[in-house]
Amino acid sequence: MDITSFVLQGRDNALVYGDYSTYHSQLSKRLLSSRKKLGIASRNRGKFHKTGAITSENIAENHEYVHLLLLTSERAWAQAMSIKAAHATGRKGITGRTKSHIISRLNRAAHTAHNLVESLSETAVSGASTRDILEAKAYEALIVGAMQFEKHAWQPCLQSYAVSRVVYTALTSTGKGDIYKDLLADTIDPSIRYAAYQLKAPRTIPIPTIAHKAFPDSDEVLVQQINEIDPGALSGESDAKTSLGNPDEAPDTITWRSREVRIEDAQIALAWASVNAAKQNLAENLAKGKSRSPRDAAAAYDDILTATQDAVDATKQAIDELRGEGVAQSDPRMQSLQITRTAVNFEMISWRIGRNRVLTGDSDGAFEEHGRSKAIKKAETDAKEDDESGPTELPISRKLTKLKEKAALYDGTLQNLESIKELPGVAADEALSSKLNAFVSYFSALKALSIARSHAIIGNVANALALIQHASDRCQFAAKQLPESPSGVAGSAPNIEVSSDAVQKLLDLVNGELRRHQAIVHVDNLRKEELEKSTVAPAPLVERLHQYPAGGVDLKNIVEFPPKKALIPVKPIFLDVAWNYISYPGKTPAAAQTLPAAAETASEPAQPQKRGWFGFGR
């Protein structure tokens, strides 16, 4: 029957472009359409006839009755949320009558959801499966929890949300886990945390643990149905699939720069446990596929980046909650959270930099390796063995594009390093600051080297030499600032840490490139000098009067003497006039042509000359 999907899709489609009021109006139209399908809608201007309660027999005949009950419950819930949203922004807030109206609508929604559960529970008649019954019970618990939340009855509220959480955790293992995970993370878990806070529960207790303690084990039917779907849901084994981590493996402390602090919030502990698990998975994935492409290797970082981002969000939320409670900055809990914030942010940025390093290629992209496209590789593979033409080289435009992508990755890495310096406590740590400065110099040298190679490709050798000199200076600074450290373990995932061996390797490469480009620039200058010497003597001064003689006037080259024959530009009309006076081969003389014309004109009688306008004389 897909009860949860039906409800959540309706909410998402309406709330993307509207609010709860829009959702309420849409539900009214959908209810009318559902009644028309079932043939129970009242006619236009007809007398209203109250329909009886929906029974299991109705559901067995047509599953549209399930949708009818869900739409009725959702309309009451949407109306309550619309009233709450409209009065939450006002100065007076939610007053007594408004609060009673909200609770009344939620009570109506809970009553309708309970009728759905009762109708589906008669499985012999309705034909509902265990999954359908559990979805209906979870939905009822969700609506009841919202009603108890508005009543400020925290213990029943916590119990209802605990039922909903355990059921949805069990349903996650049966498929469509993303739908349930979003519902747990966005609605259920924050409500459980707030209700536990109102009941004075410590923040260090994870939400799964709170839910298991509040779950009503006395409901044997519900327990049996959950065990049929997923036996690990009640024991806590399935919590690792839906939350940020397994609560049994959540650490109690976090270490930052040889300082160990206590984790003050359970969500941070779960997120940090997920980060540790993602580290191991990343190392295993990179160790398996050593011959994979840089893009495939970078895709393996997605899980750890998501886990570290969740840890950062959980830490920020915990700090905001303490600030909302009025806790001072000098409080030990706030101090521990600030250290935790620096540690988790450093970890997240470290793996971002590691992903960029993987995308640049081996040795952080220091060596000039232009990967050929798939079409070119296929052409090289299919070529004959006796072909001596060699592999096809990439065009200049493709080379420049790849170097531009590398420069963008180095630029992103430098921005991440600058963001680390802004974290609390980093500026006061001299050892860490000098280490970060060395990393900045290292990646700045790589960026300058990449840009220098692009200049060398297009022929700007002087610019390339200047950039390589800058890269050499950066490498020397990094080698002085970075302490001697062994290279990373083979197969370990790259992150922010750069070994001194890598810096020395880059320094040797840059020095070699520096010597090579110095020789190229020297040869280029010699060629220019030889070209200037071998050029033809300049034109005479009389032909260069429009140019200022910056190097002085050569009195021996004022005019060209003796003059030589040369073509000069003339106007075309001069040639037309010259045609009448110059005899060319094949052209009859002009005098011979004029005599017959004169004889004809003499034989014709002379006509009187017209004077004035239109021939009228004066």
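## How α1 meets α2

The crossing of α1 and α2 is right-handed, where the handedness is left if the near helix is turned anticlockwise from the far one by less than a right angle, and right if clockwise. These names come from DSSP runs numbered from the N terminus, with helices (H or I) of at least four residues and strands (E) of at least two. The model is predicted, so local features need pLDDT of at least 70 and side-chain atom pairs count only at pLDDT 80 or more, while totals for chains, interfaces and linings use all residues. Residues are numbered from 1 along each chain as its sequence is written, and side-chain values use heavy atoms, leaving out hydrogens and water.

Two packed helices are described by the angle between their axes and the distance between the axes. For α1 and α2, that angle is about 125° and the axes are 9 Å apart. Axes here are lines fitted to C-alpha atoms, for helices over the stretch in contact, and angles run from 0 to 180 degrees between N-to-C directions. The two helices are therefore oblique to each other; angles under 35 degrees count as roughly parallel, over 145 as roughly antiparallel, 65 to 115 as roughly perpendicular and the rest as oblique.

So who's touching whom? On the α1 side the contact is made by F6, V7, G10, R11, A14 and L15, and on the α2 side by Y20, Y23, Q26 and R30. Contact means heavy atoms within 4.5 Å. By class, that gives six nonpolar, two polar and two charged residues. Ala, Val, Leu, Ile, Met, Phe, Trp, Tyr, Cys and Pro count as nonpolar, Asp, Glu, Lys and Arg as charged, and the others, Gly among them, as polar.

## Two cavities

Rolling a probe the size of a water molecule over the atoms shows where empty space is left. Here, two cavities of 30 Å³ or more turn up. On a 1 Å grid over the protein atoms alone, a cavity is a set of points where a 1.4 Å probe fits but cannot get out, and lining residues have an atom within 4 Å of a point. Grid points are joined across faces, edges and corners, and a volume is the space filled by probe spheres set on the points.

The largest cavity holds about 50 Å³ of space. Around it sit I3, T4, V7, L8, R11, E135, Y139, L142, Y168 and L183. Helices α1 (3-15) and α7 (130-151) are the elements that give two or more residues to this lining, and α1 has the largest share with five. Sorted by class, the lining has seven nonpolar, one polar and two charged residues.

The second largest cavity comes to about 40 Å³. Its lining is F6, V7, G10, Y23, L27, R30, L70, L71 and E74, with two or more residues each from α1, α2 (20-38) and α4 (64-88). Six of the lining residues are nonpolar, one is polar and two are charged.

Residues in the contact include I268, A271 and V275 of α14, along with I304, A307 and A311 of α16. By class, the contact divides into 10 nonpolar, four polar and three charged residues.

Next come α19 (residues 396-421) and α20 (residues 430-458), which pack at about 165° with axes 9 Å apart. So α19 is roughly antiparallel to α20. Helix α19 passes α20 in a left-handed crossing, and their contact has 16 nonpolar, five polar and seven charged residues.

Most residues other than glycine have a negative phi, and most peptide bonds are trans. H152, in the loop between α7 and α8 (154-172), has a positive phi near 65°. A cis peptide bond joins F561 and P562, with omega about -10°. P562 belongs to the loop between α22 (500-533) and α23 (572-579).

How values were computed:
On a 1 Å grid over the protein atoms alone, a cavity is a set of points where a 1.4 Å probe fits but cannot get out, and a pocket is an open set with protein on both sides within 12 Å along at least five of seven lines; lining residues have an atom within 4 Å of a point.
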